Amino acid sequence: MAKEVKNVEYGLEKIFEGAQDFLPLNGTDYVEFYVGNAKQAAHFYKTAFGFQSYAYAGLETGLKDRVSYVLKQDKIRLVLTTALTSDSPIGEHVKKHGDGVKIVALWVDDARKSYEETTKRGAKSFMEPTVEKDEHGEVVRAGIYTYGETVHMFVERKNYKGDFLPGYQKWESDYNPSSVGLKFIDHMVGNVGWGEMNIWVKWYEDVMGFVNFLTFDDKQITTEYSALMSKVMSNGNGRIKFPINEPAEGKKKSQIEEYLDFYEGPGVQHIAVATDDIIKTVGELRSRGVEFLPPPPQAYYDEIPTRLGAHRDMMKEDIKELQKLSILVDADEEGYLLQIFTKPVEDRPTLFFEIIQRMGAKGFGAGNFKALFESIEREQAKRGTL
Ligand code: FE2
C-alpha cells in the first residue's frame with residue numbers, strides 16, 4: 001500500500017508516494033448516466049437532489065439519435081442521456097444495465113497525451129481524441145474503458161470559454177429548486193466480479209498511475225451474513241479516489257452480488273458527494289423525498305463518543321440530531337467524518353448516493369461498515385435478494 005507523503009489539504013501537489021506522473025488529473029469533470037428517460041430523470045435530480053438546469057443537447061440542437069440534460073450543483077456536473085432511436089448503443093446499455101453511470105469524465109490539461117499514455121499501457125479505447133468546436137472555443141475529449149462497460153473520458157477544456165461542451169445550449173428553466181448544499185464529488189466506487197478486485201487495482205496502477213492507499217479485507221467488512229473486500233485507489237494529488245469492491249464468501253448473498261446480478265456486470269456502485277453541513281443537506285434531501293437507508297440501532301449512537309476518541313471535543317454536531325436523520329459517524333487519526341447512504345435511486349437495486357462531510361478524516365467510514373451493511377441486508381431481505 002502507498003504511504004502518504006505528507007499531511008496536506010488535497011491540492012495539486014503530489015501527496016502519494018508511488019503514484020506516477022504520466023496522467024495528471026485536475027479533478028472530476030462530469031458524470032454521465034445513460035437512462036431510460038432523461039427528461040424525467042433531470043426533473044428528479046433537480047427536485048430531489050437540488051441540482052440546477054445547466055445545458056441541453058437534443059433535437060433542437062441538431063442531434064438526431066439522443067438527448068442530454070446537464071445539471072449542476074457547485075462543482076458537480078451530471079449529464080443524463082437517453083437514446084431517441086431503437087438501434088442506439090445508449091438504448092442497448094439501458095436495456096442491459098438499467099439506468100446507470102456510463103462515463104466518469106476526468107478533467108485534464110492534455111486529452112491527447114492522456115489517451116496516448118493510457119492506451120499504450122493497455123487501456124481499451126472508447127473514443128479516439130476528438131476536437132469539438134463552437135463560438136466559445138474548442139474542447140478535446142478522448143475515452144478509455146475501465147471495468148464493465150464504464151468509461152473514463154479525458155476532457156481538455158483549456159481553450160474553451162463556454163459553459164459545458166460545444167454542441168450544448170444553455171438550459172434555461174422556470175423551475176429552479178434551490179441547492180441542498182452538495183459541493184463536489186468526494187469519491188466514486190466501482191463493483192467488480194468475483195476475484196477481479198486485484199485485476200482492476202493493477203489496472204489503475206499500471207494504466208492510470210494510481211496508488212492503492214487503503215485496503216479493507218473480508219474480515220473487516222463482514223456481517224453475520226455477507227462479506228466484501230475493498231481497495232481504495234487514488235491518483236497522485238488525491239483528487240480522484242476510486243474504491244473498488246468485490247464480493248467475498250458469506251452465508252448469504254452480499255450487496256455486491258446483488259448489484260452484479262441486477263446491473264448484469266461490473267459498474268459504478270455509489271457516488272459520494274461532499275457537503276459542509278450534512279445536517280442541513282440531509283434534512284433538505286429528506287423533505288424532498290430522497291430515501292435513505294434505515295438507521296442503525298440505538299447502541300450505535302450510544303457508542304459514538306467512544307468511537308470519536310480524541311476527536312470527541314472537536315465534534316460540534318448534536319448526536320441526537322444525527323440520530324434523528326440516521327447520519328453515521330466515524331473517526332480516524334486525523335479527525336472524524338459524517339456520512340449517510342441513500343437507497344438505490346433507480347428501480348434496479350444498483351446505484352446509490354453517499355452524502356459525506358469530512359471533518360479532517362480521510363477514511364471511508366470503515367467503522368460504519370458493519371452497521372451500514374446490516375442496514376443494506378435488511379433492505380435486501382425485503383427484496384428477497386439476501
Ligand atoms: Fe463511499
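Analyst: Happy to! Let's begin with what counts as a helix: a DSSP run of H or I with at least four residues, numbered from the N terminus. Lys320 sits in such a run, helix 9, which covers residues 319–324. Please keep in mind that this is a predicted model.

User: Why is Lys320 called exposed?

Analyst: The label exposed is given over 50% relative accessible area. Lys320 has 65% relative accessibility, so Lys320 counts as exposed.

User: And why is His311 called buried?

Analyst: Here the cut-off is under 20%. His311 comes to 11% relative accessibility, and therefore counts as buried. This residue lies in the loop between helix 8 (304–308) and helix 9.

User: Which residues is His311 in contact with, leaving aside its neighbours within four places in sequence?

Analyst: They are Ala331, Asp332, Glu333, Glu334, Gly335 and Tyr336. Each has heavy atoms within 4.5 Å of His311, as the term contact requires. Gly335 also turns up in a C-alpha to C-alpha distance: Lys320 and Gly335 are 20 Å apart in space and 15 residues apart in sequence.

User: What makes Asp74 and Lys183 a salt bridge?

Analyst: The test asks for a side-chain nitrogen of Lys or Arg within 4 Å of a carboxyl oxygen of Asp or Glu. For the side chains of Asp74 and Lys183, the N to O distance is 3.8 Å. That value is within 4 Å, so the pair meets the definition.

User: What are the bounds of domain 1 and domain 2?

Analyst: The domain assignment gives 8–18 + 181–383 for domain 1 and 27–170 for domain 2. Their C-alpha centres lie 25 Å apart.

User: How do you know that domain 1 and domain 2 are in contact?

Analyst: By the 4.5 Å heavy-atom cut-off, 37 residues of domain 1 are in contact with 38 residues of domain 2. The area buried between the two domains is about 3,000 Å², with carbon and sulfur atoms giving 67% of that area. Between domain 1 and domain 2 there are also 2 salt bridges and 11 residue pairs in polar contact, both residues being at pLDDT 80 or more.

User: Which element gives the most to the side of domain 1 that touches domain 2?

Analyst: Helix 4 does, with 6 residues. By class, this side of domain 1 has 25 nonpolar, 5 polar and 7 charged residues.

Methods: Residues numbered from 1 in each chain as written. Predicted model: local features only at pLDDT ≥ 70, side-chain atom pairs only at ≥ 80, totals over all residues. Heavy atoms only, no water. Domains from an automatic or database assignment. Buried area = accessible area lost by both parts, 1.4 Å probe. Polar contact = N/O pair within 3.5 Å; in protein donor to acceptor, adjacent residues only side chain to side chain. Helix = DSSP H or I, 4+ residues; strand = E, 2+ residues; numbered from the N terminus. Nonpolar A, V, L, I, M, F, W, Y, C, P; charged D, E, K, R; others polar. Buried < 20%, exposed > 50% of the residue type's maximum accessible area, 1.4 Å probe, protein only.
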